Structures are given as C-alpha cells and as structure tokens.
Amino acid sequence: MAATKKIRSIAVLTGGGDCPGLNAVIRAVTKTAINRYGLEVWGIQDGYLGLIEKRLAKLRYDDVSNILTVGGTILGSSNKSNPSAFPVKHGKGTRLADVTDSCVETLKDNGIDALVCIGGDGTMASAATFVKKGIPVMGVPKTIDNDVYGTDVTFGFDTAVTTATEAIDKLHTTASSHHRIMVVEVMGRYAGWIALHAGIASGSDVILIPEIPYSLDKICQAVEKRSKKGRRYSIIIAAEGAKPSGGKMTVARTVKDSPDPIRLGGIAEMLVDQIHTTTGLEAREVVLGHIQRGGTPSPYDRVLATGFGNKAIELLMAGTPNHLVVWKDGKLSSVLITKIAGKIKTVKKNSDLVKAAKAVGTSFGA
Ligand code: F6P
C-alpha cells in the first residue's frame, strides 16, 4: 500500500483505563509526526467518545511539550464508548447502535487520513473495526495490566509494579510489628502480571493469580508454616482476578454502559476473613486500587512509550498501517491489529518467573 504520500493529517486518541506513560506516547507521536513528516496532528478527547461526539482539536508542538513525565492523559480517556455498540436514544430509553460510519465521516470532514489508537484490548477491538472501514490505523499497547496480546510488555506496567512493590515494602514493617497477615489486592483484571512481578519484587510469601486457582487450605498452610518457624507475619499479594479452585472471581460491581462491564475487586477482604477464621491469625487487607494507575511514569515506561509512539508513525508513513506496535524479543516490531483484537495475554503456569518464585519458597496457594 502506498500510504506515505496520501497521509497528511492524523488523529490520536487514548482509550480505556488510563495509565502512566500515555502522555509520553502522545508527545512522541505528535513530535515525530510534525518533526519528521510535517503532518497535521489532531487530538481526540476522551477516547472514542470524543470521536463519536465530534470533540477533537488540532495538537500543536507546544501542546505536547513538558508532558513526558506527567501521568494520566492530556486528551482524557473513556472506557465506556465502543463505536460498534454505542447507546443512543430510542423512544423513552436507549438502544445500542453502530456509529462507526459517523465516526469515519467525522475523520473525513476534518481531513484526517489516519488514526493512532493508544489503548488496551478493548481499544484495539474497536480499532479493528476502523481498519475494516478502510481507515489506516496504528495501535499502541497501553495498560498497567500488561495483558495486551502480541507484545511482551505494555507501557504503564512497570510503573504499576513499582508502585505496588513500594507499597508492599512499607507493609513488611507494620505486618512484622503486629504479627499479622497482610493481604494486598492489586489490579490486573483477568491476568496476574502485576501480582506476579510485584510479588516477586517485594518478596511476598504468597502470590495469587487468576491463572493458578488457589486452595484456601494451601494458603493457610503456607502462613502457618511461617508462623511455626518463628516468622510471625506473612504478606499475601492477590491479583483482583485470583479465584479459588473450582470457584469464581470476586466481582465488585458491574458498569452497565461499559464494553467490559465487570469490575473485579473484594478478594482481599474475603481472604482476610477466611484466613482469620481458619488459622486464628490476625489479618488485614490493603487494596491498592487506582493508585497503581497514577503518578509519574517510570523511566522504563517513558522510554518504551517514546519508542512506541515514534515507531507507530514510522510504520504508518512507511506504508504499513493497521498494525499494533509491540516490544517483542528485545526490540520494537509490530503485528496486525486484526490478528490480536479480542485476545489477551496471560501468565503461563510454568513460566520461568513462576518457577523462580516457587524456587525461593513463594507459595501460589496451589
Ligand atoms: O485495565 C486497567 C484496570 O485498572 C484494571 O486493572 C482494573 O480491573 C480496571 O481497569 C478498573 O477499571 P475502572 O477504572 O473502570 O474501575
């Protein structure tokens, strides 16, 4: 495809839950587009919602200065707007309608030739529908969850792991002083990447992830074993999606107008009660929640985000649109968006990191 000559103007959006490093990508996309290719750049507000509601404005070079180190997204984000199934007024209520064509019109009306979608699996699934409509799209994989298929790592993950690790480092002393079991709940949705990495980094005694269903007895045995050895406190890190063997994930709430309505949460509180009842040991829960999504991006995430943003524009202008930029086997590359849309990347039960954690005595409660 000879896309290079045709593309004069691009638009960028950030979709789904925010994470540290989004601004670093927006900056890299915009500066590369302007500096290297003289493109016009538009910023779409609040993800696909802004495209649906025609809320977009030109991004100038100065608009993206001094944002490299700033968390969140200057464009705003939304995880409630899927153009293929968007709630529209219908009689006294609403019905879900496909508004993709109207979004394509908005792009064309503003002379926008291509779209850069920065987001996770939900954002890429919607990006794939624009690819099918003939709009050149580039995807950039974002999420603290690290669950985007096709890339070894997403930006935002390293910062979230650092935040969770620092929090657990602090919990060690208070757990030790009071001889308590601390159950720390981290995010990650249906994947256990944050729990696995922060669990190893913080020397947690038990790591619970969705990919390895746990047994309450095994968790209790692990903390009792430590207790008998004179180690009178334990740290358990639980991914929000961890579940008992044969049981279900703990759902905190459902968000009706979201493409993925389930919000996980509550496992730490549940485990604290169960562990106390079973062992008699005192236990407390700590839910890190959205703190993991906030703050300044780590140096690693700033570097990754800058590489991703630059690569997205390079590939687009080289005539290779419709790809998700990825970090694979130690270098930047790309995969077709339509190949990864709808898939997620989870932790392999027998991965080297799971084996390493077990080798140093960490229990997975299984
Ligand atoms: O996907 C990012 C994430 O933070 C998940 O880890 C978490 O399950 C979810 O988003 C929380 O969503 P919300 O911000 O809508 O509560």
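# A guided tour from the cavity to the sheets

Begin by selecting His-179, Ile-181, Val-223, Ser-227, Arg-231, Arg-232, Tyr-233, Ser-234 and Leu-281, which line the largest cavity. On a 1 Å grid over the protein atoms alone, a cavity is a set of points where a 1.4 Å probe fits but cannot get out, and lining residues have an atom within 4 Å of a point. The model is predicted: local features need pLDDT of at least 70, side-chain atom pairs count only at pLDDT 80 or more, and totals for chains, interfaces and linings use all residues. Residues are numbered from 1 along each chain as its sequence is written, and side-chain values use heavy atoms, with hydrogens and water left out.

The volume of the largest cavity is about 40 Å³, and a search of the whole structure finds one cavity of 30 Å³ or more. A volume here is the space filled by probe spheres set on the grid points, which are joined across faces, edges and corners. By class, four nonpolar, three polar and two charged residues make up this lining. Ala, Val, Leu, Ile, Met, Phe, Trp, Tyr, Cys and Pro count as nonpolar, Asp, Glu, Lys and Arg as charged, and the others, Gly among them, as polar.

## The largest pocket

Next, select Gly-17, Asn-79, Arg-189, Arg-263 and Arg-293, which lie nearest the centre of the largest pocket among its 44 lining residues. A pocket is an open set of grid points with protein on both sides within 12 Å along at least five of seven lines. Its volume is about 990 Å³. The lining divides into 13 nonpolar, 19 polar and 12 charged residues.

Which element gives the most to the lining of the largest pocket? Helix 5 does, with five residues. Helices (H or I, at least four residues) and strands (E, at least two) are DSSP runs, numbered from the N terminus.

Stay with Arg-189, in the loop between strand 8 (181-186) and helix 7 (193-201). Its phi is near 55°, a positive value in a residue other than glycine.

Now display the open sheet of seven strands in the order 3-2-1-6-7-14-15, where the pairing is mixed. Strand 3 and strand 15 (331-336) stand at the edges with a single partner strand each, so one side of each has no neighbour in the sheet. Two strands pair if DSSP finds at least two bridges between them. Neighbouring strands of this sheet are turned by 25° against each other on average, direction ignored. Axes are lines fitted to C-alpha atoms, for helices over the stretch in contact, and angles run from 0 to 180 degrees between N-to-C directions.

Select strand 1 (residues 9-14) and strand 6 (residues 114-119), which pair in the parallel sense over five bridges. Thr-14 has Ile-118 of strand 6 as its bridge partner. Helix 2 (residues 22-37) packs on this sheet, touching strand 1, strand 2 (40-44), strand 6 and strand 7 (137-141). Contact means heavy atoms within 4.5 Å. Helix 5 (residues 121-132) lies across strand 1, strand 6, strand 7 and strand 14 (323-328), running at about 165° to strand 6.

In helix 5, pick Lys-132, which is exposed, with a relative accessible area of 69%. Exposed means over 50% relative accessible area, buried under 20%, and partly exposed in between (1.4 Å probe, protein chains only). The C-alpha atoms of Lys-132 and Asn-322 are separated by 9.5 Å, although these residues are 190 residues apart along the chain.

Move to the open sheet of four strands in the order 9-10-8-13, with parallel pairing. Its edge strands, strand 9 (206-208) and strand 13 (283-287), each pair on one side only. From one strand to the next, the twist averages 15°. Between strand 9 and strand 10 (residues 234-239) there are three bridges, in the parallel sense; Leu-208 stands opposite Ala-238 in strand 10. Helix 9 (residues 267-279) lies across strand 8, strand 9, strand 10 and strand 13, at about 160° to strand 8.

## Last stops

Finish at Lys-54, in the loop between helix 3 (48-52) and strand 3 (56-58). Lys-54 counts as exposed, at 53% relative accessibility, and its phi is near 60°, a positive value in a residue other than glycine.
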